[in-house]
Amino acid sequence: MSFSTFDHRCMATALRLANKGLNTTHPNPRVGCVIAHNEQVVGQGWHERAGEAHAEINALADAGKNTSGATAYVTLEPCSHSGKTPPCTDALITAKVSRVVCALEDPNPEVSGDGIKRLQQAGIEVQLGLMAAQAEEQNTGFLMRMRHGRPWVRIKLAQSIDGHIALANGSSQWISGPESRADVQRWRARSDAILTGIGTVLADDPSLNVRKHAGGRESGGENTRQPLRVIADSQWRTPSDARLLGLAGDVLIAGLREKDMPEALASSAAELIVLPDKDDHVDLQQLLLELGRRGINEVQVEAGAKLCGALMQQELVDEVLIYQAPILLGGGAVSPFATPRLDNMDDRVHLNWMDTRRFGNDQRLRLRPVKQGR
């Protein structure tokens, strides 16, 4: 299917518009829309916040009376069901657009091709696939949840140039510089949940929250919510006075069924859930599926070597952010992934490069594991 230069330009604009909702549309996808008539843009819009008007509705309102015979460029298939807002397909049909160009089909079972079908039944030409790769990248979390029932899992870590995340005594503050830590805040702001392990809670007593002005123009604007903080704590050892329990935002602690919950923790502000056992630890696959059921699209993991290693070994990691500082931590220091020793090079874990960027004196590496069968 061929698309014109103008088609590409309009979809690129729609993708930029969608990015304005990077931090605010949870649990919905980030979507942008452009309305054009006779190769003139007449309306633009994006989904700004869950529960509010979708991108198509905002773009149609911006276009006013200039919609009859127009083309709508949308980064995701228009919805065809009623939720907190009416179906966007109905609005496009009422507006008498003649053509809809979608980057992606929506894998949400409530839509999944039905929006396209309804538009076509109304006599509207529908074309699919323009700049699909870019649209996939923008909604990796939502698409992962719709297709596989779990969130997109991104591990964040700071390490030395010799590949360590802490000294032998556990000291790790601060490996990376302030510019890197500011970038971490931007990644937190777009995440729906921050996952850590009990070891990190006991060792560092972290906050794992988002600073008020963490968002920016590049990352979708100022963040207005705190991500869910999640602790994998098989034996319910989280102190009732842990710092993150006293901060704004929800906390979820996942432990094992057979372990007794301390009364002080049970009466804290955190929600405690019991999950199946896997090798005497919380079953991480089941934890991620539970987060998926709760509408969590993106999880950022900020944890120690045990949890990061377990996630990597179970092939539950989709992306890794490494902030590498030009320092040496020396012998005996802690490695980022506690995984079994390999004796065969064929068992190596391969990762694909996504990009590298400098932040102050550090470099950020963004990589994605190459998964078997995918």
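Where is the place of E258? Going by the DSSP runs, E258 is in the loop between β9 (251-256) and α9 (263-266). Helices here are H or I runs of at least four residues, strands are E runs of at least two, and both are numbered from the N terminus.

Quick housekeeping. This is a predicted model, where local features need pLDDT of at least 70 and side-chain atom pairs count only at pLDDT 80 or more, while totals for chains, interfaces and linings use all residues. Residues are numbered from 1 along each chain as its sequence is written, and side-chain values use heavy atoms, with hydrogens and water left out.

Okay, back to E258. Together with D277, D279 and D280, E258 forms a negative surface patch. For a patch, residues need over 30% relative accessible area and no salt bridge, and like charges are joined within 9 Å. A salt bridge would be a Lys or Arg side-chain nitrogen within 4 Å of an Asp or Glu carboxyl oxygen. Asp and Glu count as negative, with the charge placed at CG of Asp or CD of Glu. Areas are Shrake-Rupley with a 1.4 Å probe.

Now stay with D280 for a moment. D280 is found in the loop between β11 (277-278) and β12 (281-282), and its phi is near 65°, a positive value in a residue other than glycine. At 43% relative accessible area, D280 is partly exposed. On that scale, buried is under 20%, exposed is over 50%, and partly exposed is in between.

N38 also has a positive phi, about 50°, and is not a glycine. You'll find N38 in the loop between β1 and β2 (40-46), and with 65% relative accessibility, N38 counts as exposed.

One more backbone item: H26 and P27 are joined by a cis peptide bond, with omega about 5°. P27 sits in the loop between α1 and β1 (32-37).

Next, aromatics. How many aromatic pairs are there? The count is two, with ring centres within 6.5 Å required, and planes under 30 degrees apart called stacked, over 60 edge-to-face, the rest tilted. One of them is F6 with Y73: centres 6.4 Å apart, planes at 75°, so that's edge-to-face. F6 is in helix α1 (residues 5-18) and Y73 in strand β3 (residues 71-74), so the pair ties together parts 67 residues apart in sequence. Both F6 and Y73 are buried.

Last one, L321. This residue lies in strand β14 (residues 319-325) and is buried, at 0% relative accessible area. C-alpha to C-alpha, L321 is 19 Å from I296, and the two are 25 residues apart in sequence.

Methods
Patch = residues over 30% accessible without salt bridge, like charges linked within 9 Å, V, L, I, M, F, W, Y side chains within 5 Å. Phe/Tyr/Trp six-rings, centres within 6.5 Å; stacked < 30°, edge-to-face > 60°. Buried < 20%, exposed > 50% of the residue type's maximum accessible area, 1.4 Å probe, protein only.
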